[in-house]
Amino acid sequence: MDHSAHSEHSVSTPMDHTEQGMNHAEHMSAMNDDVAGAEAVLTLYRDALTSRDAEAMAALFAEESFVYENGKAEGSFTHYMEHHLGPELDAITSFTFGEPTLAVTRMGHMAYGRETYTYRIELADGRVIDREGVATSVLAHDADGWKIVQYHSSSRAPRNN
């Protein structure tokens, strides 16, 4: 048996991964850049709350969404707007946020957000509500862009510690 012929067949040519690596890196870079789109949706939601713009808020949520607030399952955003937030908006004369933080992490066609903030609500009857709040959100990306599919917020009276 001619061993030199056999050894030629077992020699493998190193694969050139450079092109694949660049494509993957470019793809990852494009995905990371698009985190800005998910961040923008969450910022737009906060802005729509302060301006009490129900239509703008609704446009940011997926049709089949889930909202949780202060230990209560509110259902879809549409249900939440009709049965909870909508009636509250009518009684609010001022809604402001302070010290907002926002971090978004993307995982493929999904992203999750983490927020902290303070807010102040002034009501038509003269009451003022000051709170510290947190929110977590899950967003999905499709042909229409980013939409919130799940949003969970909670708040408490400000504490010194």
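Analyst: In this predicted model, the largest pocket is lined by 27 residues, and those nearest its centre are Glu69, Glu88, Phe95, Tyr119 and Ile121. Its volume is about 550 Å³.

User: What makes a residue count as part of the lining?

Analyst: A lining residue must have an atom within 4 Å of a point of the pocket, and 27 residues line the largest pocket. The elements that each supply at least two residues of this lining are helix H3 (35–51), S1, helix H5 (77–91), strand S3 (92–107), strand S4 (110–123), strand S5 (128–142) and S6.

User: How do the residues of the lining divide into nonpolar, polar and charged?

Analyst: The lining of the largest pocket holds 16 nonpolar, 5 polar and 6 charged residues.

User: Why are strands S1 and S6 said to pair?

Analyst: Pairing asks for at least two bridges between two strands, and 5 bridges join S1 (residues 61–69) to S6 (residues 145–156), so the two are paired. They run parallel, and within this pairing Val67 stands opposite Tyr151 in S6.

User: What makes S1 and S2 a pair, and in which sense do they run?

Analyst: With 3 bridges set against the requirement of at least two, S1 and strand S2 (residues 72–75) qualify as a pair, in the antiparallel sense. Tyr68 has Ala73 in S2 as its bridge partner, while Val67 stands opposite Gly75 in S2. S1 and S2 form a hairpin with 2 residues between them, and Asn70 in the turn has a positive phi of about 45°.

User: Which order do the strands follow, and why do S2 and S3 stand at the edges?

Analyst: The 6 strands form an open sheet in the order S2-S1-S6-S5-S4-S3, with mixed pairing. S2 and S3 each have a single partner strand, so one side of each is left without a neighbour in the sheet, and this places them at the edges. From one strand to the next the twist averages 20°.

Methods: Residues numbered from 1 in each chain as written. Predicted model: local features only at pLDDT ≥ 70, side-chain atom pairs only at ≥ 80, totals over all residues. Heavy atoms only, no water. Helix = DSSP H or I, 4+ residues; strand = E, 2+ residues; numbered from the N terminus. 1 Å grid on protein atoms, 1.4 Å probe; cavity = no way out; pocket = protein on both sides within 12 Å on 5 of 7 lines; lining within 4 Å. Points joined across faces, edges and corners; volume = space filled by probe spheres on them. Nonpolar A, V, L, I, M, F, W, Y, C, P; charged D, E, K, R; others polar. Axes fitted to C-alpha atoms, helices over the stretch in contact; angles between N-to-C directions.
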